[in-house]
Amino acid sequence: MRLLPAGDRAVLVDLADGAGPAFFLALAADRPPGVEDVVPAESSVLVRYDPGVLAPAELARRLRAVGERMASPPVEARGDVPGDVPSNVVEIPVVYAGADLDEVGRLTGLGADGVVAAHTGTPWRVAFIGFAPGFGYLVGGDPRLQVPRRDVSRTRVPAGSVGIGGRYSGVYPRESPGGWQLLGRTPLAVWDAERDPPALLRPGATVRFVAVQGR
Amino acid sequence: MTAGAAGPMPPPGGGAALEVLEPGPLTTVQDLGRPGLAELGVPRSGAADRGALRLANRLVGNPDGAAALEVTLGGLLVRATTAVTVAVTGADCPLLRDGRPVPRNAVVELAAGSTLGLGLATAGLRGYLAVRGGLAVPPVLGSCSTDTLAGLGPPPVRPGDRLPVGRAPQGWPVVDHAPVPDPEPGPVALRVVPGPRHDRVPGAAELLAASWRVGSDADRVGLRLERVHGQAPGTPPSGSSGWSSGTVGSWPSEALVPGSLQVPPAGHPVLFLAGAPTTGGYPVVAVLVDADLDRAGQLRPGQPVTFRPVPPPF
């Protein structure tokens with residue numbers, strides 16, 4: 001674990017591969033006053049703080065203590081994440097009729113029905129959120145679904161689209177450009193700025209996709 | 001309680017509003033943003049020059065973070081529907097009340113029906129127009145700031161918009177003019193803390209020692225830097241004013257803060273400003289000290305920029 005200053009009011013905690021989400025959860029359980037943002041990524045966590053409230057050296061000491069408490073190496077999802085784990089499971093209904101479903105069926109050799117079974121058959125976990133408000137990067141699903149992103153990005157992906165790309169799956173919170181392979185679409189609003197909470201998917205949450213009928 | 005889709009709520013200031021006659025190239029509502037939500041992918045946003053926003057609000061007796069207008073380059077023309085008190089700070093631009101000059105960084109009274117116009121800025125890029133009582137637009141996630149990247153807050157102002165003015169705070173402003181330095185028109189040296197990924201980008205030290213200028217497509221999210229080549233003997237000619245860092249392979253997304261200097265494998269380094277996203281896909285070689293973020297928010301296309309490394313806080 002390395003502590004890398006990011007300016008004079010933030011620190012990037014550089015971790016082992018994939019250890020970002022676990023460190024985020026461990027720090028969230030013991031967040032010092034003066035910390036204003038804790039933002040996980042796959043293998044790092046950014047901590048933004050007010051040096052008028054929390055001295056940089058004290059923050060460094062607290063972060064090293066969290067690192068030492070995390071005894072286990074990171075484990076893939078399927079529920080056994082060390083540390084405090086939110087117990088909420090978010091179910092996402094999906095109409096599996098995405099523009100890339102058949103192509104993914106060919107790329108994986110599973111066929112469209114096999115892709116749906118694999119996507120819904122294993123729980124996913126929100127590793128971190130980025131790219132857009134509420135866009136959760138999901139990991140830990142069926143490893144047979146690891147396909148490359150599309151060669152050519154789409155300029156407009158409909159809101160609610162469910163996609164996969166590399167080792168991730170995700171739901172596009174609003175219409176945006178996107179390069180992932182689209183499997184289907186959910187009627188759920190994973191992001192609603194006027195709702196409390198605004199984001200359906202929070203780092204650490206478990207997600208299950210459920211196939212439903214529809215257009 | 002929210003306004004919903006039916007339309008704006010009646011303004012609490014009893015009908016006081018600023019009517020937009022001309023918006024200028026880009027005018028948005030800004031306050032001090034929505035900090036603390038980056039883990040949900042929500043950028044902090046807020047005024048690109050927070051010091052200028054705070055000053056404008058203090059001059060009219062508002063709380064520091066009251067919603068105001070961020071006027072990019074100038075060109076804004078508004079009309080007061082009732083008598084209001086305003087102040088304009090930030091970029092050095094001509095300020096006209098009913099066509100007659102009035103001072104910036106000062107308290108200005110507008111009678112009902114009076115217009116206030118900002119000319120084109122000659123130094124700095126962003127002016128701030130605060131009105132006593134603040135702009136009473138519905139907040140989103142605790143802030144009235146426009147965030148075009150994340151799609152939060154009100155859209156940029158358009159002709160015909162009526163921006164409601166909130167109820168005036170108790171107590172009058174205690175100062176009517178604040179002598180403040182104008183934004184710098186010439187070369188600017190920005191203080192940076194090297195890192196967090198300067199050890200992963202070949203040539204990072206040389207990058208920080210180089211001379212740059214702001215590219216033409218600067219916006220609230222960030223600005224691209226173009227290399228200014230020196231005349232030192234032996235300097236190889238280059239057809240590109242960008243930077244090739246030689247990093248290979250893909251770089252995993254990681255969180256970043258406004259003020260980050262990000263280096264893609266080829267092309268131009270990007271200096272992120274107040275409207276920065278919460279994560280980025282290229283390494284960050286340095287981050288502005290927080291005190292210099294406001295100065296960066298006033299940089300104009302073509303302006304010369306250098307970086308001055310300072311020690312990290314630990």
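Where in chain B is Thr278 found? I looked up B:Thr278 and found this residue in the loop between β17 (270–272) and β18 (279–280) of chain B, with helices (H or I, at least four residues) and strands (E, at least two) taken as DSSP runs numbered from the N terminus.

Before going on, I note that this is a predicted model, in which local features need pLDDT of at least 70 and side-chain atom pairs count only at pLDDT 80 or more, while totals for chains, interfaces and linings use all residues. Residues are numbered from 1 along each chain as its sequence is written, chains are lettered from A and ligands numbered from 1 in the order in which they are written, and side-chain values use heavy atoms, with hydrogens and water left out.

**Entry on chain B.** I counted three helices and 20 strands in chain B, and of its 314 residues 51% count as buried. Among the contacts in chain B with a separation of 6 or more, 76% are between residues 24 or more positions apart.

I then followed strand β20 (residues 304–309) of chain B, which pairs in the parallel sense with strand β12 (residues 188–194) over five bridges; two strands pair if DSSP finds at least two bridges between them. In this pairing B:Ala189 stands opposite B:Thr306. Strand β13 (residues 211–214) of chain B runs antiparallel to β20(B) and is joined to it by two bridges, with B:Val305 as the bridge partner of B:Trp212.

I also looked at B:Gly160, in the loop between β10 (123–131) and β11 (162–164) of chain B, which counts as partly exposed because its relative accessibility is 47%. Its C-alpha atom is separated by 6.4 Å from that of B:Glu19, a residue 141 residues apart from B:Gly160 along the chain.

**Entry on the two chains together.** How many residues of chain A are in contact with chain B? I found 40 residues of chain A in contact with 36 residues of chain B. Between them the chains bury about 3,000 Å², 61% of it on carbon and sulfur atoms, where buried area is the accessible area (1.4 Å probe) that two parts lose on being put together, summed over both. In chain A, the residues that lose the most area to chain B are A:Pro5, A:Asp8 and A:Arg48, together 15% of what that side buries.

I counted five salt bridges between chain A and chain B, each a side-chain nitrogen of Lys or Arg within 4 Å of a carboxyl oxygen of Asp or Glu. One of them joins A:Asp14 to B:Arg197, with the closest N and O atoms 2.8 Å apart.

**Entry on A:Asp142.** I placed A:Asp142 in the loop between β7 (136–139) and β8 (154–157) of chain A, and A:Asp142 is buried, with a relative accessible area of 10%. Not counting residues up to four places away in sequence, A:Asp142 touches A:Ala118, A:Thr122 and A:Trp124.

Methods: Contact = heavy atoms within 4.5 Å. Buried < 20%, exposed > 50% of the residue type's maximum accessible area, 1.4 Å probe, protein only.
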